[in-house]
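Hi,

Here is the structure I promised to pass on.

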Amino acid sequence: MRGMGRLRALVCQAALALLAASLLVGCGSSSPSTTTTIPVSPAAVPVQGAPASHAGAAAQVAGAPIAAAGYRHWVAVERALGAGGSPDHQALGFLITSEWIVHEAAARHITVSDAEVRRRFEELVHRSFPKPGELQKYLARAHETEADLLVRIRIELLTQRILAQVAAGKSGSERAAALRRFQAAFKQRWKQLTSCSPGYVMEDCREYKGGPEKLAARPHAPAASAASSP
């Protein structure tokens with residue numbers, strides 16, 4: 001998963017960082033549930049039992065909200081996975097960039113079915129971690145749910161198809177140039193449609209003016225659903 005290629009990583013670095021980390025650390029073994037609902041984006045993952053104080057939106061992308069409670073859930077995941085840098089920054093960047101990818105795919109009429117997501121998940125799980133029970137252990141340790149892993153795979157597959165469409169019919173330097181142009185236009189377009197609430201402003205938000213970021217996830221409180229498995 002880490003070897004996706006430089007250009008793909010440039011387009012969706014934040015969105016795929018957590019996916020690569022979780023699957024390579026060890027996402028488990030027993031077969032994934034066929035009843036788990038696959039959210040349309042990481043921001044849509046349910047956060048059960050979130051306190052009322054966590055209500056409200058951290059950001060919006062083209063009018064689609066990223067709830068503060070969901071943001072805090074992904075901060076807890078980042079911290080549990082031991083990601084370098086700022087977990088606050090990486091979690092919000094992941095959520096925002098994932099929304100960009102979902103909206104871009106919709107604009108291009110690109111879809112990924114639940115069946116495709118489940119097949120990819122099963123391939124990764126059974127190939128690397130065949131022992132029963134390891135999936136549940138990983139989810140508890142990483143403060144994740146099965147839906148979290150499935151939705152990350154949806155984002156990965158959408159990203160692959162967007163880039164394939166951009167590069168279609170091109171080769172060599174033409175392909176590389178097309179992907180560079182797309183990457184620049186992609187960020188510029190969606191950043192202008194991304195609004196962040198006070199306390200959540202970072203460089204992917206149109207309100208960002210430079211300077212240090214002080215995201216509102218401090219002090220940290222893991223989401224209530226963090227240690228639960230589906």
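This is a predicted model: local features need pLDDT of at least 70, side-chain atom pairs count only at pLDDT 80 or more; totals for chains, interfaces and linings use all residues.

The sheet is open and has three strands, ordered β2-β1-β3, with antiparallel pairing. β2 (64-67) and β3 (194-196) sit at the edges with a single partner strand each, so one side of each has no neighbour in the sheet. On average, neighbouring strands here are turned by 20° against each other, direction ignored. Strands are DSSP runs of E, at least two residues, and helices are runs of H or I, at least four residues, both numbered from the N terminus; two strands pair if DSSP finds at least two bridges between them.

Residues are numbered from 1 along each chain as its sequence is written, and side-chain values use heavy atoms, leaving out hydrogens and water.

Back to the sheet: β1 (residues 57-61) is joined to β2 by four bridges, and Q60 stands opposite P65 in β2. Helix α3 (residues 87-107) lies across β1, β2 and β3, at about 155° to β2 (axes are lines fitted to C-alpha atoms, for helices over the stretch in contact, with angles from 0 to 180 degrees between N-to-C directions).

Then there's A142, in helix α5 (residues 134-142). A142 is buried at 2% relative accessible area (buried is under 20%, exposed over 50%, partly exposed in between, with a 1.4 Å probe and protein chains only). Leaving out residues up to four places away in sequence, A142 touches V77, A80 and L81 (contact means heavy atoms within 4.5 Å). The C-alpha atoms of A142 and E78 are 8.2 Å apart, with the two 64 residues apart along the chain.

Cheers
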